[in-house]
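Biologist: Please show me the model, and let us then discuss how its elements pack.

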Amino acid sequence: MKYLADWIVVENTPLNVRYCLLRLRLNQELPEMQPGQFVQAKIENSPSTFLRRPISIHYVHRDKREIGLLVQIVGNGTQKLASLTVGEKLNLIYPIGKGFSIPKPDKTKQTLLLIGGGVGIAPLLFLGQTLKQQGFIPEFLLGARTRNDLLCLDDFAAVGAVYITTEDGSIGEKGFVSNHSVLSNTKADFIYTCGPKPMMMAVARYAKRHNIPCEVSLENTMACGIGACLCCVEKTVDGNTCVCTEGPVFNINELLWQI
Amino acid sequence: MADLTVKIGQLTLKNPVLTASGTFGYGLEYADFFDLSEIGGIVVKGTTLHPREGNAYPRMAETPAGMLNAVGLQNKGVDYFVSHIYPAIKEINTCMIVNVSGSTIDDYVACAARINDLEKIPAIELNISCPNVKQGGMAFGTDCASAAAVVKAVRQVYNKTLIVKLSPNVTDITKIAQAVETEGADAVSLINTLLGMAVNTETRKPVLSTITGGLSGACIKPVALRMVYQTAKAVKIPVIGMGGISCAKDAIEFIIAGATAIQIGTYNFIDPTISVKVAEGINEYLERHGFSSVQELTASLQV
C-alpha cells in the first residue's frame with residue numbers, strides 16, 4: 001500500500017554545503033516501512049523542476065511519527081528541499097519499492113556488512129537500526145571523497161562498528177571502500193550496498209568473487225516512482241524491470257552487470 | 001452538479017476526464033490513491049501483438065516544465081494482457097480503454113481483434129503516433145495514406161469504439177484527422193508527444209539511449225491546444241484533447257477549444273490524484289458559469 005500525504009518539516013539541518021537532513025512528521029500513524037524503501041517528494045515553487053524527487057528513508061521514529069531524509073543537493077529540486085523551513089509542508093508518496101532483505105532470526109551470529117558511499121549511506125542507517133533491533137550485529141563501511149563529506153558518523157557509530165575510507169585520506173583508510181582492509185581481514189556473510197554505481201559494481205565484484213550474497217540499491221533516473229511510466233528500468237534476468245516497484249534493492253544475481 | 005457525461009462513439013463517459021496511455025499503467029498502480037471509478041476512463045499502457053522489451057536505459061530526461069521519454073512501448077504483448085492483466089482490471093468501474101500499437105498493419109489488426117473479444121473493454125485507442133519505436137508507430141501517423149490504411153484495416157475487425165491517437169510531428173494534423181475520420185474512426189485523441197532531444201554537456205552524449213524522445217508535460221500545452229482547436233474545426237467526430245494538462249483550468253481550455261473529453265498524462269506522475277481533482281474542477285467551473293452540462297462548453301470559444 002502506498003500513501004500520498006503532506007508531512008510537516010520539524011527540522012532541516014544543513015550538514016555541509018552539499019547535504020541536509022530533513023526530519024518530517026506525519027499527523028497520523030505511520031504505515032510499515034522497510035529499510036531500502038524510499039519516498040517521492042513533490043517540489044514546489046521551482047520552475048525548472050518538473051518531477052518529484054526520489055529520496056531514501058534514512059530513519060524512522062515510529063513513536064514520534066517521524067522519518068528522516070538525507071538529501072544531497074544536486075540541482076534546483078534538491079536545493080528547494082534544502083531550503084524548506086520548519087513548519088512547511090512536504091508532499092510525499094510513501095513508502096515506495098522493495099527494501100533490503102533481513103536474514104532469518106536464527107542467523108544473528110552472521111557478519112553483516114553495510115557498505116555505503118556518498119548519499120548512498122542514507123538507507124543504510126535505517127537498515128542498520130532495523131537489523132540491530134532484531135538482534136543482528138551490523139557493521140558499516142562508509143566511503144566519501146573527504147572527511148567533510150562523511151555524514152552522520154555518530155548515528156552510524158551508535159548502531160555498529162564503522163570502517164571508513166576517504167579518497168584523500170583525510171580520515172580512515174585512503175582510497176575506495178572496495179580497497180578497505182576490512183574486506184581482506186574478515187569474510188562477511190552478507191553485504192548490503194548503496195552508493196555511486198562504480199562503487200556498487202566494485203563491491204558486487206568483490207562479493208561475487210568471495211561468494212558472499214549481496215544486495216545493491218539502485219538509483220536509476222525515475223519519473224513516476226510507482227511503476228506506471230517504465231522509465232527507471234534496469235536490465236535483469238527478467239528483462240527490463242522497474243527499479244521503483246521491483247527494486248530499488250536487487251540481489252546482484254538478478255542483475256546483468258558485467259562484473 | 002452539472003451533467004458531466006460525454007459521448008465518444010458508442011461510449012458514454014461519466015465525466016470527460018481520462019488518463020493518458022503510458023502515464024497511468026493499468027490503473028491499478030494508482031488504486032491506492034483514489035477511487036478509480038470517479039474518473040471518466042483509463043487508457044491503459046500501449047499494447048502490442050508481441051511482447052516488447054522497450055528501449056535501453058536511460059529512457060527519461062527531465063526538462064523545464066516537462067520530460068522526454070523513450071520507453072519504446074515496453075509491454076508483455078496482447079496474450080499476456082488478455083490472460084493476466086484483463087482479469088485484474090475488468091472490474092474497475094470506469095471505461096477501460098486499451099491503447100493498441102504495432103509495427104505492421106497486420107499486427108495492429110491482430111491485436112485489435114483480440115481486444116474486440118474482451119467484454120469489459122469498450123474501446124481501443126489506436127496509437128499511430130509513438131515516436132520511440134523504429135518500425136511502425138509514428139510512421140503510420142505522419143502520412144495520410146498510411147494512417148488511413150491502418151484505420152481501415154482495423155475497422156474491419158473492430159466493431160466497438162475506435163479512437164485514433166494522432167502525432168503532432170506532422171505539417172498539418174487536421175489532414176491526418178480527416179483521413180482517419182473517413183476510414184471510420186469514432187474519435188481522435190491528440191496530441192501524442194513531440195519529438196525532442198537532450199544533451200549531456202559534460203559527456204557530450206545524448207541523455208536518452210535513443211538520442212531523441214517524446215516531450216510531454218506542461219511545456220507542450222500551448223502546441224497541443226492549438227492542434228486540438230484546429231482539428232476540432234476540421235472533423236465531425238469527437239476530439240479528445242491532451243498535452244500538458246496539469247489542472248482543471250488547463251482541461252477547460254481544451255474543452256472550450258473544441259475537445260469533447262480530455263486526457264491527463266504526465267502530471268499523473270506529480271500528483272497521482274490530479275485526474276479526479278480535474279473532474280471536480282470542471283464541475284465547479286460549469287456551475288460557476290451557469291452551464292448545465294459540459295457538452296455545452298465544448299467548442300464554445302468566443303472569437
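Modeller: Helix α5 (residues 173-182) of chain B packs with helix α6 (residues 221-234) of chain B, their axes 9 Å apart and at an angle of about 40 degrees. Helices are DSSP runs of H or I with at least four residues, strands are runs of E with at least two, and both are numbered from the N terminus. Axes are lines fitted to C-alpha atoms, for helices over the stretch in contact, and angles run from 0 to 180 degrees between N-to-C directions. This is a predicted model, in which local features need pLDDT of at least 70 and side-chain atom pairs count only at pLDDT 80 or more, while totals for chains, interfaces and linings use all residues. Residues are numbered from 1 along each chain as its sequence is written, and chains are lettered from A in the order in which they are written.

Biologist: What is α5(B) relative to α6(B), roughly parallel or oblique?

Modeller: Angles under 35 degrees count as roughly parallel, over 145 as roughly antiparallel, 65 to 115 as roughly perpendicular and the rest as oblique. The angle here is about 40 degrees, which therefore makes α5(B) to α6(B) oblique.

Biologist: Which residues in α6(B) meet α5(B)?

Modeller: Contact means heavy atoms within 4.5 Å. From α5(B) come B:I173, B:T174, B:A177, B:Q178 and B:E181, and they meet, in α6(B), B:M227, B:Q230, B:T231 and B:A234.

Biologist: In what order do the eight strands close into a barrel?

Modeller: Two strands pair if DSSP finds at least two bridges between them. The pairing in this chain B barrel is parallel, and the order is β3-β4-β7-β8-β9-β10-β15-β16.

Note on methods: Heavy atoms only, no water.
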